[in-house]
Amino acid sequence: MKAELQEHINHKFSFLHDKNLLIAISGGIDSVVLTHLFHRLKFTISLAHCNFSLRGKESNEDEAFVKELGEKLQIHTYSIKFDTEAYAEEKGISTQMAARDLRYDWFQKIAKENNIDYIITGHQKDDVLETFLINLTRGTGLDGLLGIPEIQGNIVRPFLLFSRNEILVYAAKKKIPWREDRTNSSIRYVRNKIRHKVVPVLKELNPNLLDTFYNTLENLKETQQIVKDRIQNIKEKIIQLHKNELHFSIPEIKKLSNPKIYLFELLKEYGFTAWNDVADLTDCQSGKQVFSKTHRLLKDRDVLILSEILQQEEIEHFEIPKDTSEISIPIALKLETVDTPFDTKNHPNKVLEELVFDDNTSISIDYDKLEFPLILRKWQKGDFFFPIGLNGKKKVSKFFKDEKISLTDKENVWLLCSKNDIVWVVGKRLDERFKVTKSTSKILKINF
């Protein structure tokens, strides 16, 4: 088994050599045998054990066992105790999901703080079959049928080469002790029910179940690659990057044979689950939106706009006192007060024109027309201003429409105001009333 693992790593995971590895160890047979083998193969490893406080004394004994193993093999061991049930209740999830989230979050924390390159887990062949069957009974797509990936970010699972029986035989032969979790024999949990009730029946029907299953899995992976290639081709036609957003062309989506399934493949990595609502967006009016926990999908004319939900407190109103030279919240502005540079003898009109028609990210304002503190705020329904270069006033909403500013861009626009008057639609247009004229004696220059 040692030689097989060595060859498997050299063939598929050669990047593990000379790296700092963290082995996730429960004390059960899979992770314990994995630890012994990696130790014998001279990898640079440390151990990480989670005590989930779910089995009282037994959980504490598992922790003690792992620490003792670490001392025996002279391997540094990290351990932590969680109140898993309290966390599950707080998050409204099952204890199994809670344990999984706590475990992987902690592993990543250790890796980040201790220069760990990869996290190694002891998942083996039977785990993949069980995961496949669990996902199949719950309903899933192609990704769910592929079971447990060998490489997932910095998490590597080289033990998928072996079956549970092979690991048992090796442990018995080498007289390797391990901790048996008594809950593994309980059919209270879905995985255990499949392990003890379903898989034995399938193995009766096909004694070579694991081999045929893995052949099927390889076929599914090849099919998945065809899907990935097709989706990549579709992305190039449908998606455009705009700042921090992805814009999906609705006309191009509607040309596809099955828009809903393509949208699923294009958006599944962003956490959406309400797929009927997502598909319906293509025929909804502008402004309709669907949310995942991390992203928003918004219909805007003939595009779907995907943007990340920023987890920060929104500032709606911000004051800029007199003599402020720079702000960074809620947006970055640099302010400078200067005397008018008009050369009345030579080129007054040219200088004036350059000041009046600055680009939209750098403006010049008649300082004496301002009342401090200036106000930065988001636009509101009914707001109007006098856009420079136009005759008369215009509603801000109409200005946005004429400038073809997207719905998400509108949400991020700030107004610079003097009392109740809009001075500048920031980054878009200066107000005519505050422009520099020949009679201006002092100028406020603002860079966005």
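Trainee: Which residue forms a salt bridge with D143, and how far apart are the closest N and O atoms?
Mentor: The partner is K268, and the closest N and O atoms are 2.7 Å apart. A salt bridge here is a side-chain nitrogen of Lys or Arg within 4 Å of a carboxyl oxygen of Asp or Glu.

Trainee: Before we go on, what kind of model is this?
Mentor: This is a predicted model: local features need pLDDT of at least 70 and side-chain atom pairs count only at pLDDT 80 or more, while totals for chains, interfaces and linings use all residues. Residues are numbered from 1 along each chain as its sequence is written, and side-chain values use heavy atoms, with hydrogens and water left out.

Trainee: Thanks! Back to that pair: where do D143 and K268 lie?
Mentor: D143 is in helix 7 (residues 142-145) and K268 is in the loop between helix 12 (259-267) and helix 13 (275-280), so their pairing ties together parts 125 residues apart in sequence. Helices (H or I, at least four residues) and strands (E, at least two) are DSSP runs, numbered from the N terminus.

Trainee: How many salt bridges does a search of the whole structure find?
Mentor: The search finds 31. One of them joins D126 and K203, whose closest N and O atoms are 3.5 Å apart. D126 lies in helix 6 (residues 125-138) and K203 in helix 9 (residues 190-205), so this pair ties together parts 77 residues apart in sequence.

Trainee: And D126, buried or exposed?
Mentor: D126 counts as buried, at 5% relative accessibility, whereas K203 counts as partly exposed, at 34%.

Trainee: New topic: which residues have the most contacts inside the largest nonpolar core?
Mentor: Those are L16, V33, F38, I120 and F159, in a core of 32 residues. A nonpolar core is a set of buried Ala, Val, Leu, Ile, Met, Phe, Trp, Tyr and Cys residues joined through side-chain atoms within 4.5 Å.

Trainee: Which helix gives the largest share of this core?
Mentor: Helix 2 does, with 6 residues.

Trainee: What is F38 in contact with?
Mentor: Leaving aside neighbours within four places in sequence, F38 is in contact with L5, I9, L21, I23, F43, I45, I120 and P158. Contact means heavy atoms within 4.5 Å.

Trainee: Okay, helices now. At what angle do helix 4 and helix 5 pack?
Mentor: Helix 4 (residues 84-91) and helix 5 (residues 95-113) pack at about 105 degrees, with their axes 8 Å apart. Axes are lines fitted to C-alpha atoms, for helices over the stretch in contact, and angles run from 0 to 180 degrees between N-to-C directions.

Trainee: What does that make helix 4 relative to helix 5?
Mentor: Roughly perpendicular. Angles under 35 degrees count as roughly parallel, over 145 as roughly antiparallel, 65 to 115 as roughly perpendicular and the rest as oblique.

Trainee: Which residues make the contact?
Mentor: Helix 4 brings T84, E85, Y87 and A88, and helix 5 brings T95, A98, A99, D101 and L102.

Trainee: Last one: where does K369 lie?
Mentor: K369 is in the loop between strand 15 (362-366) and strand 16 (374-378). K369 is partly exposed, with a relative accessible area of 36%. Not counting residues up to four places away in sequence, K369 touches S418, R433, F434, K435 and T437.

Technical notes: Buried < 20%, exposed > 50% of the residue type's maximum accessible area, 1.4 Å probe, protein only.
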